[in-house]
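Subject: Structure handover

Hello,

Please find the structure below. My notes on what was found in it follow.

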Amino acid sequence: MKKFKLLALLLFAIVLIVYWGLLQYLTLENLKLNRDLLETFYVENRMVMIGGFVAVYILIGLLLLPGATFLSFAAGFIFGPGLGLLIVSIGSTLGATLAFLVSRYLLRGWVTKKFSKSLQGIDENISGNPLSCILFFRLIPLFPFFAVNIAMALSHMPLKYFFFGTLLGKLPATYIYASAGSNLATIHTLSEIMSVKVLGSLSLLGLLALIPVVYKRMKASRING
């Protein structure tokens, strides 16, 4: 009953945010139109702006809402690439960790009962190199952020590896968006930031994170062979 109430509360929060239409304001056009207003507010209310930004990012991660890419870009514009990177990293990691804990509390027991055999193979791959696994999924932008949160929660991924893997794995992509945000006037659409070249570079980093996993398997096969 407690799990059902918590799940109902989360769903209600999501519906409420969508009903209010708050997400429609998270656009590049609105950011440019309100540029002077945001800059003035930040100068006069620095800590409020920073705290509010982190809180919104936590909510987006916890409630599995869209808008994280836009906020990463906006952080670079409002706070600059350096501080923007720090703020987004804190907010996104805390939001992802809360989503991880809630998903594990609400869903893992049921999923384990229904799909225990399928999860066993996944857990075996994760248990040997948990940090490499989470870095792989975080570094490659093709994997949805919320889906990774839930998938890792349903596995036996230790919380500490999930937390630090998320923190480190999102740094490259976050820095790219924050840096682009500091050059707001030159950006016309968010999609142009992640070019094929940039996606390829991030994907390569993700593959490099799997080197310890490949090495461990090769070593094990030699010993067994």
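I start with one residue. Leaving aside neighbours within four places in sequence, Ile150 is in contact with Leu64 and Ser103, where contact means heavy atoms within 4.5 Å. Ile150 belongs to helix 8, residues 145–154. Helices here are DSSP runs (H or I, at least four residues), strands are DSSP runs of E with at least two residues, and both are numbered from the N terminus. Ile150 counts as partly exposed because its relative accessibility is 23%; buried means under 20% relative accessible area, exposed over 50%, and partly exposed in between, with a 1.4 Å probe and protein chains only.

Conventions

This is a predicted model, in which local features need pLDDT of at least 70 and side-chain atom pairs count only at pLDDT 80 or more, while totals for chains, interfaces and linings use all residues. Residues are numbered from 1 along each chain as its sequence is written, and side-chain values use heavy atoms, with hydrogens and water left out.

The chain as a whole

The protein chain has twelve helices and zero strands. Of its 225 residues, 38% are buried. Among contacts with a separation of 6 or more, 78% are between residues 24 or more positions apart.

Helix 7 and helix 9

Helix 7 (residues 130–139) packs with helix 9 (residues 159–169) at an angle of about 40 degrees, and their axes are 8 Å apart. Axes are lines fitted to C-alpha atoms, for helices over the stretch in contact, and angles run from 0 to 180 degrees between N-to-C directions. Helix 7 is therefore oblique to helix 9; angles under 35 degrees count as roughly parallel, over 145 as roughly antiparallel, 65 to 115 as roughly perpendicular and the rest as oblique.

Which residues of helix 7 and helix 9 meet? From helix 7 they are Pro130, Leu131, Ile134, Leu135, Arg138 and Leu139, and from helix 9 they are Tyr161, Phe162, Gly165, Thr166, Leu168 and Gly169. By class, this contact of helix 7 with helix 9 has eight nonpolar, three polar and one charged residues. Ala, Val, Leu, Ile, Met, Phe, Trp, Tyr, Cys and Pro count as nonpolar, Asp, Glu, Lys and Arg as charged, and the others, Gly among them, as polar.

Helix 7 is mostly covered, with eight of its ten residues buried. Those buried in helix 7 are Pro130, Ser132, Cys133, Ile134, Leu135, Phe136, Arg138 and Leu139.

Thr97 sits in helix 6, residues 81–128. Because its relative accessibility is 10%, Thr97 counts as buried. Not counting residues up to four places away in sequence, Thr97 touches Leu159, Phe162 and Phe163.

Helix 3 and helix 5

Helix 3 (residues 35–44) and helix 5 (residues 68–79) pack at an angle of about 65 degrees, their axes being 10 Å apart. Helix 3 passes helix 5 in a right-handed crossing. Arg35, Leu38, Glu39 and Tyr42 of helix 3 make the contact with Phe77, Ile78 and Phe79 of helix 5. The residues of this contact of helix 3 with helix 5 divide into five nonpolar, no polar and two charged.

How many salt bridges does a search of the whole structure find? It finds one, a salt bridge being a side-chain nitrogen of Lys or Arg within 4 Å of a carboxyl oxygen of Asp or Glu. Arg35 forms a salt bridge with Glu39, and the closest N and O atoms are 3.8 Å apart. Both residues, Arg35 and Glu39, lie in helix 3, four residues apart, about one turn of the helix. Arg35 counts as partly exposed at 33% relative accessibility, and Glu39 counts as partly exposed at 36%.

Two further residues

Phe53 lies in helix 4, residues 46–62, and is buried, with a relative accessible area of 10%. Leaving aside neighbours within four places in sequence, Phe53 is in contact with Leu71, Ala74, Ala75, Ile78, Phe79, Ile87 and Val88.

Thr189 lies in the loop between helix 10 (171–181) and helix 11 (196–208). Thr189 and Leu28 are 161 residues apart in sequence, and their C-alpha atoms are 7.1 Å apart in space.

Regards

Key. A crossing is left-handed if the near helix is turned anticlockwise from the far one by less than a right angle, and right-handed if clockwise.
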